[in-house]
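Hello,

Please find the structure below.

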Amino acid sequence: MSQTWWRGAAIYQVYLRSFADGNGDGIGDLAGLRARLPYLRDLGIDAVWLNPWYPSPMADGGYDVADYRGIEPVFGTLAEAERFIEEAHALGLKVIIDVVPNHSSTESAWFKEALADPARRDRFWFSDEPLNDWQSIFGGPAWTQVPDGQWYLHLFAPEQPDFNWANPEVHREFEDVLRFWFERGVDGFRIDSAALLVKSDTAYEDLDGVHDVYRRWREIADEYGGRVLIGEVWLPDQERFARYLRPDELHTAFNFDFLSCPWDPAELRRVIDLTLATHTPIGAPPTWVLSNHDVTRPVTRYGRADTAFEHGGRLHGTPSDLELGYRRARAAALLAMALPGSVYVYQGEELGLPEVEDLPDELRQDPMHARSGGANPGRDGCRVPLPWSGEEPPFGFGGGTPWLPQPESWRKLTAEAQRTDLGSMLNLYRSALRLRRGLLGDGTLTWLPMGERVLAFTRDSGLTCVTNLGPTPVPLPPGRVLLASGPLDDGAVPSDTTVWLT
Ligand code: GLC
């Protein structure tokens, strides 16, 4: 694969705890993932991105990292991680891992040193008094007091103390961490909370100094050749967002505007146009994201009266017509995969899993739930272990009781059940990802006028993609149908359906 493989790649997100359990303790691990690598190859993706696999007390699903150069024992060992990277490469798959530079874990060596010795606190944000009244993103105050009376900053849970990026030692540490994993063959990093690193007493989002960090990281990535830096950058302002993608900074960043966008033709068209207008001038490829481990699953989202995604759980439990949501999720998948740039698939999306909204509160593990006093259900509902096979839980996930319970109704959604069903979501994803490889990915699009409620465009390869978001069928444009997200209606594209033609 070329040095610019990432420009048009299809990247599959593995939430390791919930992917496949190899040792029967109810928690997904590297052994389970390695055993399922052929599944990922057959799906037709180019790369896998793994959420944090580092040693962690799991106060935030591993985003509280205790050691950036190790592997969480529940997931496996460093030797296994190295074998996984080799095996993935042998199957032609690239490997992207998460790096979490905004904050650490209270169990990290650095934080323990800081607690023990007030003279060693300048790697974090310690102070005699809280410097401001910031609230934590997970709820509650962003400052916590330690036994000797000082306070430290944590934008997320109290178990996640923020690093002080004004300290050069923090820069050196992360530069070394990048090299550590590049040396082990990792093809790139997904950078957690990428816009938050640099802080003043009064602001923490998108401060200009953060770009110096990524310029340096880009030099390191370039030294290794073909490695990629992907930013988790949630910013409302596209112009500010684009700064992260300048040619000497990050390669790509997640398109959360697309993910959050309601199932509405005008809104989608606006977001797609804005995305292209933002990326084209700087030469960065857009990304298209429908879901991840932090958001409500598309099948559930698109079946609601309000189809937008919003943090905070306001729409949690509102009625969802899952059949409608499923149909739209299929149409959305073909739309996302046809757009110019790279595309992400979050595990379970290819199985059409809905959000699990009725988890018992006492089983919820996401700190968002507890820290909001239960007001926010948290993100566990999109993190339920995958159903692989069989008629009842744990559905081939592994021997033990899965760390979150799987609904009985998932017997219809196992990978095994879908493999032999030509009309399944899994087979739609497989067909689409294979076709996409030759015909789509990096490039540009040309819109076709097919009415206000239809998104239709052609790609450089000659592929035409038509999504009908209106209530009535629209005539198919000329061409041979390659793939459709649902049955066609006598030469017409029904409502909530996407068709690929050539
Ligand atoms: C990112 C992650 C999320 C995590 C947070 C704090 O948004 O995607 O899962 O909780 O950062 O690390």
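Arg328 lies in helix α11. Helices here are DSSP runs of H or I with at least four residues, strands are runs of E with at least two, and both are numbered from the N terminus. The model is a predicted one: local features need pLDDT of at least 70, side-chain atom pairs count only at pLDDT 80 or more, and totals for chains, interfaces and linings use all residues. Residues are numbered from 1 along each chain as its sequence is written, and side-chain values use heavy atoms, with hydrogens and water left out.

Back to Arg328. This residue is buried, at a relative accessible area of 16%. Buried means under 20% relative accessible area, exposed means over 50%, and partly exposed is in between (1.4 Å probe, protein chains only). Leaving aside residues up to four places away in sequence, Arg328 touches Trp263, Tyr302, Thr307 and Asp496. Contact here means heavy atoms within 4.5 Å. With Asp496, the side chain of Arg328 makes a polar contact of 3.2 Å. A polar contact is a pair of N or O atoms within 3.5 Å; within protein, one must be able to donate a hydrogen and the other to accept it, and residues adjacent in sequence count only if both atoms are side-chain atoms. For scale, Ala142 is 186 residues from Arg328 in sequence and 39 Å away in space, C-alpha to C-alpha.

Next, the salt bridges. The whole structure has 43 of them, each a side-chain nitrogen of Lys or Arg within 4 Å of a carboxyl oxygen of Asp or Glu.

- Glu113 and Arg120: the closest N and O atoms are 3.1 Å apart. Glu113 is partly exposed at 29% relative accessible area, and Arg120 is partly exposed at 36%.
- Arg304 and Glu357: this salt bridge is 3.0 Å, N to O. Arg304 sits in the loop between α10 (298–301) and α11 (322–338), and Glu357 in the loop between β11 (342–346) and α12 (367–371), so the pair ties together parts 53 residues apart in sequence. Arg304 is buried, with a relative accessible area of 5%.
- Asp366 and Arg379: the N to O distance is 2.7 Å. Asp366 is in the loop between β11 and α12, Arg379 in the loop between α12 and α13 (415–419), so this pair ties together parts 13 residues apart in sequence. Both residues are buried.

Asp366 and Arg379 also belong to a network of salt bridges that links them with Asp60, Asp294 and Arg383.

The side chain of Asp294 has an N or O atom 2.5 Å from a ligand oxygen. For Arg379, a polar side-chain atom lies 3.0 Å from a ligand oxygen. Arg190 has a side-chain N or O atom 2.9 Å from a ligand oxygen. The protein covers 95% of the 310 Å² of accessible area that the ligand has on its own. Areas come from the Shrake-Rupley method with a 1.4 Å probe; for residues, only the protein chains shown count as cover.

Last, helix α4 (residues 109–116). Trp110, Phe111 and Ala114 are buried there. These residues cover an arc of only 95° around the axis, which puts them on the same side of α4. The arc is taken from the directions from the helix axis to the C-beta atoms. The buried residues of α4 pack against β4 (126–127), β6 (151–153) and α5 (168–183).

Best wishes
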